[in-house]
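Hi there,

Here is the structure I promised to pass on. Please have a look at it, and then read on for what turned up.

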Amino acid sequence: LKVVNKYSLTLFSFLIFSRKYSQSDRSNMGGAIVDTGNNNGKQYPGKLTCKVLWTCIVAASGGLIFGYDLGISGGVTSMDSFLKQFFPSVYAKESSVTLSDDQYCKFDSQILTLFTSSLYVAALVSSIGASKITRLLGRRVTMLWGGILFLCGAVLNASAQNVWMLIVGRLFLGFGIGCANQSVPIYVSEMAPSKYRGALNMLFQLTITIGILIANLLNYFFAKIEGGWGWRLSLGGAAVPALLIIAGSLTLPDTPNSLIERGKNEEAKDQLKKIRGVPNVDEEYNDLVNASEVSKQVKHPWRTLLTKKYRPQLVFAIGIPAFQQLTGMNVITFYAPVLFKTIGFGSSASLMSAVITGVVNVIATFVSILTVDKFGRRTLFLEGGIQMFICQAIITIAIALKFGVSGNPGVLPTWYAYGLVFFICVYVAGFAWSWGPLGWLVPSEIFPLEVRSAAQSVNVSVNMIFTFAIAQVFTAMLCHLKFGLFIFFAIFVIIMTVFIYKLLPETKGVPIEEMAVVWREHPYWKLYVEEEEVQVVPQSLEMV
């Protein structure tokens, strides 16, 4: 463990080293230039310690369960043995060799998509309940329950004998993912020093991409097992990341924010000294205590979140996760093997193509870790949006020229299919260093303590609602919209890029409990925040 800590710290220090040499911490915020490094007047003492790095890595491993499921479901639904046993009508269409068949509609089955998307309804429900657990019992307890529920789902799916047993197993997986996605981003954001928060929080997205890659690799090899039972190993393999998060949550310490929120102030101060690596943490500790006092005055965080003062946070708690799904990336992730089969690859080749996109996803996430605290969140959002739009336009034209509206490409040249895979990989890279990790980072760092758990639940719930909707209707949309499906997502990429450019302030380097300053200095959001503060100040003075 000491060797791992030593070399992990060395590697991570290298990744974030370049931040010290950035020329400026200024970012254009919808026409206003704001110094995000010093505009709050505070820089807490502290360094990147082995303890905080290790705890963030262990906590972020909660992303493995989400990533593994994203990768495994699409691969399993392209395995002939799985389709033959549970979805024979889909198998009959998929295995047809008639050249006149419409390739767009081979996988159009609402029961098949229900297998994939039912998980996200469960995740939506559990994320709302997890908000209460996170606030009352701490972030780590929520992670523990996430691992236990996910483990139950893995066992059910691996032993499934019929479709409804599969779907019940998926519901348990969803309950686990809802708990993990609600608690892990908050945990990492609260543990991390402000100047390294972006890179550390992106470890969550990194583990999601690693989970996807591992799932794609396992699908490729398990599909080759004779006897047609490899899909059971793929689905049962979800038990491994579940056990990892269970073990990790049992060993992790609580965050100082959570300890103070539950009245354990002295323990919180000791913990803060350990994770910051300095003896004097009074300034940060006092700010955390003050934030907690404000939080305790809020008896109904869900109702409070709807007040005008928190309008900026609420807009991004809804907008960012919705737009993250409307990039179309999860369609690629869910159904990469199915999509590659549709554009002309065989069963094994389609699984290998999904592995390739998985590798690109992981590598591009490392790029995001390297650059997020140097160039800022806005820059990555905007660049990623432009890159995804260009790739979607090229993919649309390529599929339209070859498949047309009939869905019959005839004989698809190998070079043509590989060209499509190349542009899909460039698209995946654009997502993986922008909307992928930032979709979890930005919402988790902008919420004040008094509404943090409720707002994160909104974030996860919206994410799961849109994930469910897109997963459920994707094959039907592919069947009816044909190549226009990519036009559909490209339009939303344009909208979300303008949304970020106009409304999102830069948050890099701002301590998490001092985030209110970026809203006060934003040319649009200050109209909401300042007006609310004017109303509150006289009441505060009267109380004093």
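How many of the 29 residues of H8 are buried? The count is 23, so H8 is largely enclosed by the rest of the structure. Please keep in mind that this is a predicted model.

Let me stay with that helix for a moment. H8 covers residues 163-191, and at 1.5 Å a residue it should span 42 Å; the C-alpha atoms at its ends are 42 Å apart, which agrees. Where H8 starts, a side-chain oxygen of Asn-162 comes to within 3.3 Å of the backbone nitrogen of Trp-164.

Now for the wider view. The protein has 25 helices and two strands, and 61% of its 544 residues are buried. Among contacts with a separation of 6 or more, 83% are between residues 24 or more positions apart.

The largest nonpolar core contains 133 residues, and Phe-82, Phe-87, Leu-200, Phe-316 and Trp-435 have the most contacts inside it. Helix H9 (residues 197-222) contributes the most to this core, with 11 residues. If you zoom in on Phe-87 and set aside its neighbours within four places in sequence, you will find it in contact with Phe-82, Ile-111, Leu-112, Phe-115 and Val-163.

Tyr-120 and Phe-466 are 346 residues apart in sequence, yet their C-alpha atoms are 8.8 Å apart in space.

Finally, the aromatic rings. The structure holds 21 aromatic pairs. One of them, Phe-66 with Trp-440, is edge-to-face, with 6.2 Å from centre to centre and 90 degrees between the planes. This pair links distant parts of the chain, as Phe-66 is in helix H3 (residues 63-76) and Trp-440 is in helix H21 (residues 435-446), 374 residues apart. Phe-66 counts as buried because its relative accessibility is 3%, and Trp-440 is also buried, at 3%.

Phe-488 and Phe-489 make a pair as well: their ring centres are 5.2 Å apart and their planes are at 75 degrees, so this pair is edge-to-face. Here Phe-488 is partly exposed at 30% relative accessibility, whereas Phe-489 is buried at 3%. There is also one aromatic cluster whose members include Phe-316, Trp-435, Trp-519 and Tyr-528.

Terms used: Residues numbered from 1 in each chain as written. Predicted model: local features only at pLDDT ≥ 70, side-chain atom pairs only at ≥ 80, totals over all residues. Heavy atoms only, no water. Helix = DSSP H or I, 4+ residues; strand = E, 2+ residues; numbered from the N terminus. Expected span 1.5 Å × (residues − 1). Buried < 20%, exposed > 50% of the residue type's maximum accessible area, 1.4 Å probe, protein only. Polar contact = N/O pair within 3.5 Å; in protein donor to acceptor, adjacent residues only side chain to side chain. Core = buried A, V, L, I, M, F, W, Y, C linked by side-chain atoms within 4.5 Å. Contact = heavy atoms within 4.5 Å. Phe/Tyr/Trp six-rings, centres within 6.5 Å; stacked < 30°, edge-to-face > 60°.
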